[in-house]
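Hi there,

Here is the structure I promised to pass on.

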Amino acid sequence: METLSYGSAPCCQVVNSKLKVVDKGLNSRQSRVSCIRKRGFDYTSTVSSCGSVMFYDMGQQRGYCRVKSAFESSRRLKFKVYSGGYDGYVIGEEEVRDVSGIEEPATKVLIPGLPDESNGESGGAPISSCFWGWKPKFTVHYEKAGCENVDSPPVLFLPGFGVGSFHYEKQLKDLGLDFRVWALDFLGQGMSLPFEDPAPLSKEGATTTSNGNVSSWGFGDETEPWAAELVYSADLWKDQVRYFIEEVIGEPVYLVGNSLGGYVALYFAACYPHLVKGVTLLNATPFWGFLPNPVKNPRLGKIFRWAGTFPLPSNIKSLTMLLWEKISDPKSIAQVLNQVYADHSINVDNVFSRIIETTRHPAAAASFASIMCAPRGELSFNETLSRCRANNVPICLMYGKEDPWVKPFWGSQVKKQVPEAPYYQISPAGHCPHDEVPEVINFLLRGWIRNVESQGAVSLPLLEDLDSMKSPIIDRELEFPREGSKKSVAIRYFVSSVSLMDRIRSYIKSYSKSRNLALKPQ
């Protein structure tokens, strides 16, 4: 149950539930009451100018409520209640005006919690763990949800470095209620590691880590034929995404990527725009790879003859084993998670255990060496942005402000290069906002996909009132339920351009308001 109270004493309650309305404390100054029936439910909105307003949302959980306060009769109250699934609709809108015409700016938006944290919900969409055979000796792991939503847009999530599809379970459970959703494990990560040794090591040369796990796969001196050209690079992951979309999903998708996944999503969209409906970047890393790309820079490629392939050079083997002992240590992993999550109250036990599980695979250490020494992609991050913009690929930015690695500066740089891209900065949130504040990311993703699917006919999330876009920066506070209490975060939206459709919508809205005022008796 969501409750938001303004003022000193309760004056009016508005309950959004199945055929349930509660009104109390109303006096002679109460304004008109309206009732709208939609999708088999009755919604009654009662507006009063005498005090506070409390909203309860016990029906559709994937809507949101926006409130503008009304304290005295000298103020005016305006509220909107949004409900429904991903397509959304307006339930009620009322206004109380006075002589002064003063209006309180919207500062707080109520959004739903996750399905398993909401009363009456079954716990979200069921998640299926699947495998897809692609490369020899590889089975690509992925998770999916919402396959029954046959008429809804497909969404594919790409993970960051060191994690896998498990990092998006909060999106799969929630967004799987409305969309067809997939999350992929990149080759060399998560559960998409090879099931055979790419460069076997003799029994005499086998090594064992301090925790007793054999980690010798890929450390031999001869490469198996199937792994002769294997290197865990951005180009390999780009190809993996392409074949996955073509063979498994079968149609263009919305790509969502965090960190490394954001880089790969943008790289893929730049190369195959016909397979992409839009790209959402969640604190995307603006670069990947340290060695030059041999196709783009053939001369430099000849200087760096080894670039992540098997077998590993002897000096790389020694360095990798030294680093891996430290990197794979549970204490080190816990320290990294503590660094990248701004809210240390977040339960990361599942993420921690899944990362530990991956590090114990015998191919993990050599895969790490290949990833870190792989060449750069053929396109730089800025080149991918330029190509996506030239091909009219919709881009949306959702960045955690407290990210210690991809700091706000990088989100601002993307916004400068693609000024039409919506840019939502979330605080407090770190490098993984989708796991730290999934309620916010899921809410914004739903709204952004609605906007793109409608070709701009539906407003972007939090920007339903274009009058607020007169300022270059729009601040909102989002509040949502979590574990029996309320939590809130600040959202800052950076405005740099307004579409023609938005301008037309704003003109129609302003004209309608002016006409209604003119027709009112004085």
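To begin with a question: is Lys-170 buried, partly exposed or exposed? Lys-170 is partly exposed, at a relative accessible area of 27%; here buried means under 20% relative accessible area, exposed means over 50%, and partly exposed is what lies in between, using a 1.4 Å probe and protein chains only.

Before the rest, a word on conventions. This is a predicted model, in which local features need pLDDT of at least 70 and side-chain atom pairs count only at pLDDT 80 or more, while totals for chains, interfaces and linings use all residues. Residues are numbered from 1 along each chain as its sequence is written, and side-chain values use heavy atoms, with hydrogens and water left out.

Now to the salt bridges (a side-chain nitrogen of Lys or Arg within 4 Å of a carboxyl oxygen of Asp or Glu). The structure holds 18 of them.

Because Lys-170 sits in helix H1 (residues 169–175) and Asp-435 in helix H11 (residues 433–436), the pair ties together parts that are 265 residues apart in sequence. Helices (H or I, at least four residues) and strands (E, at least two) are DSSP runs, numbered from the N terminus. Asp-435 counts as buried, at 5% relative accessibility.

Arg-446 and Asp-178 also meet through their side chains in a salt bridge, 2.6 Å from N to O. Arg-446 belongs to helix H12 (residues 438–453) and Asp-178 to the loop between H1 and strand E14 (180–184), so this pair ties together parts 268 residues apart in sequence. Arg-446 is buried, with a relative accessible area of 6%, and Asp-178 is buried at 10%.

Asp-475 lies in strand E19 (residues 473–482) and Arg-492 in strand E20 (residues 485–494), so the parts tied together are 17 residues apart in sequence. Asp-475 is partly exposed at 41%, and Arg-492 is partly exposed at 34%.

There is also a network of salt bridges, linking Lys-108, Glu-479 and Lys-486.

Finally, a look at Thr-320, which is found in helix H5 (residues 314–327). Thr-320 is buried, with a relative accessible area of 5%. Which residues does Thr-320 contact, leaving aside its neighbours within four places in sequence? They are Phe-219, Ala-365 and Ala-369, where contact means heavy atoms within 4.5 Å.
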